[in-house]
Amino acid sequence: MSRRVALVGAGPGDPGLITLRGFELMCSADVVVADFLIDERLKQHIPRHVRIVDVGKRPGRNSMSQDAINAELVRLAQTHNLVVRLKGGDPFLFGRGGEEVDALLRAGISVEVVPGVSSALAGPAFAGIPVTHRGLADGFLVITGHRHADAPLDYDWRSLVGSGLTIVILMGVAHRKFIAQSLIEAGMDPATPVAAIESVAWLEERLIRTTLAGVADVALSSPAVMVVGRTAGLELPWKRSTTLAGFKIQLLRPFDPSDELALRLRDRGALVVQAPAIEVQDPSDGGAALRSAIAAIQEYDWLIFTSKNAVERVVKECHDLRSLAHVKIACIGTGTQAALGRHRIGCDLMPPDFVGESLVESFPPGQGRVLLPRARVGRDVVPHGIRAKGWSVDVVEAYQVDIGTPRITLDQARMMDLVIFTAASTVDAYRQQYPGVMPKYAVAIGSVTASRLRSAGVESVHMAREFSVDGILELVENLHASIETS
C-alpha cells in the first residue's frame, strides 16, 4: 500500500479560494484531517464516503497538541492510500506545516505540499486594501501577534518601523495593545491607519478601520488580520461594483458545484451558501421498483421527470439510453431539463410554469401508459391530473428525501439576507433545521412553496415571474436594489 499525505492549503474560508490541485486531492482522499478554520461550504465538496477527522485548535479550549496531530497523521497514513491534511490558509505560513512534513518524512511517508491563499493577502484584498501601492509601500511584512507558549513578541520594532513597509499581523487581536505601543515607541506615527478584517472570506467577515493609537480601544474578535501602514488608509471598494455586492443568500437544495443559479449569483457578488434543507437517499426498496419499470420501458408512451434527482436515478438504472428512443419525455423546470441535457436526452414537453398544475394543463389527452419516477412522498397533482386525461400512470419510487444536516449554525442562518426555497418540503425542513429563525426575505419557486412559507409566518415572500435561472436572478437583483434604496 502506498503511504502518502498531502498538506493542502484550503485558503481562508471561501471554497473558491482553494487551488485546483488542492481540490483534486481533497476529493480523492481516503481521509481528510481538517483544521477548525475550514469553512463548511468547502467541506460540502468532500465526497460523503470520505472520513473527516477534526483536529482543529480552538482558542481558549483544550485541543489536540501538535505532537498528537503529527502522530495521528503518521498513523492514518499507514492504513490509507491518501491522507489529506486540510489546513486553513497556507500550510507553511504560521500553519506549523513544516513540523508535520518533518514528522512524516522521518516516518518514511511520502508527502506533497500544496500552497494555499493566506488570509494575510486575502483579508486586505477583500477589504480593498493593496498591501503594496506605488508611492505608499514597496513591500510588506507578515508577522505573528502570538508566539508559541506565549513567548514575548521581541521583534526589532525600530527595524519594522524603519522599513516603511506595510505590516500585516496575524493572530494579533489579544496583543494588539502591546503591538501598537511597541510600534509607536519605535517611532511610528500614532495616526498611522490600521485596518482589521475579521473572519476573512467567511459569512461573518467584517472590516474595522481605525488608527494605531485607537486599535486597542475598538472591539475585535479572532480570527482577524490587521494591516498597519499607509496602504491601510486606502479604500478600493471593488466588491461594491457588483449588483449583488455582499448579499448573503442561502440556496436550499442539494449541493452541486455546477449549480447554474449559485454560480451566476456569485458572479454578481452575492455570498451564496448552498445549504440543502433535504438530502436525497436511496429508495426504500433499494431501487427494485425502478429497475423493474426501466426493464419494461418499451411498454410506456411517456416518461415524466419532476426533478433532476429522478433523472439521475433513471439514467443510473438505464444501461442503454437507446431504450428510451420511443418514449416521449416531459419535465418540470430548467434544472431538470439541464440534467436531461447532460445525458443527451431531449425534452418533448416543458410546461410554461414549473409546477405540477401547469404540466397537467399542458399534457395531451390519451390512453397509453405514463411512467412517473419521483420521490417516495410527493404531491399527487400530476398523477391524478394525467389520469383524468385518460392515461394510465405508474408512480415509481426513484429516491426518498430526509431532513438534511444543517450546514450552517443558527447564528449564521440569522445572518442570511435572503433564502431561496425550491419546494414546499424545503420550508418544513428549514424550520426543523433552524428552529426560531425567520428568513428576512424569501424567494419561493412555485406557488405551493409560497403558500407554505406564508402559512409558516414568513412575511416577505417573493416569486419570480418565470421559474427559471434568469427569472430568479431578475427577482433577486430587483429585491436587492429595493432593499439598498429603502
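Hi everyone, let's start with a helix pair: the axes of helix α9 (residues 288-295) and helix α10 (residues 308-317) come within 9 Å and cross at roughly 65 degrees. Axes here are lines fitted to C-alpha atoms, for helices over the stretch in contact, with angles from 0 to 180 degrees between N-to-C directions. Helices are DSSP runs of H or I with at least four residues, strands are runs of E with at least two, and both are numbered from the N terminus.

A word on the source: this is a predicted model, where local features need pLDDT of at least 70, side-chain atom pairs count only at pLDDT 80 or more, and totals for chains, interfaces and linings use all residues. Residues are numbered from 1 along each chain as its sequence is written, and side-chain values use heavy atoms, leaving out hydrogens and water.

Back to our pair. α9 and α10 are therefore roughly perpendicular to each other; that label covers 65 to 115 degrees, with under 35 roughly parallel, over 145 roughly antiparallel and the rest oblique. Their crossing is right-handed, meaning the near helix is turned clockwise from the far one by less than a right angle. Who meets whom? Leu290, Arg291 and Ile294 in α9 meet Arg313, Val314 and Glu317 in α10, where contact means heavy atoms within 4.5 Å.

Staying with α10, its buried residues are Ala310, Val311, Arg313, Val314, Val315 and Glu317. Buried means under 20% relative accessible area, with a 1.4 Å probe and protein chains only. Those buried residues pack against β13 (278-281), α9, β14 (302-305), α11 (334-342), β16 (369-375) and β17 (392-403).

Now the sheet. Five strands form an open sheet in the order β12-β11-β18-β19-β20, with parallel pairing; two strands pair if DSSP finds at least two bridges between them. At the edges are β12 (271-274) and β20 (461-463), each pairing on one side only. On average, neighbouring strands are turned by 25 degrees against each other, direction ignored. Strand β19 (residues 442-444) runs parallel to β20 and is joined to it by three bridges, and Ala442 stands opposite Val461 in β20. Helix α15 (residues 424-433) packs on this sheet, touching β11 (248-252) and β18 (418-421), and its direction makes about 135 degrees with that of β18.

Key. Buried < 20%, exposed > 50% of the residue type's maximum accessible area, 1.4 Å probe, protein only.
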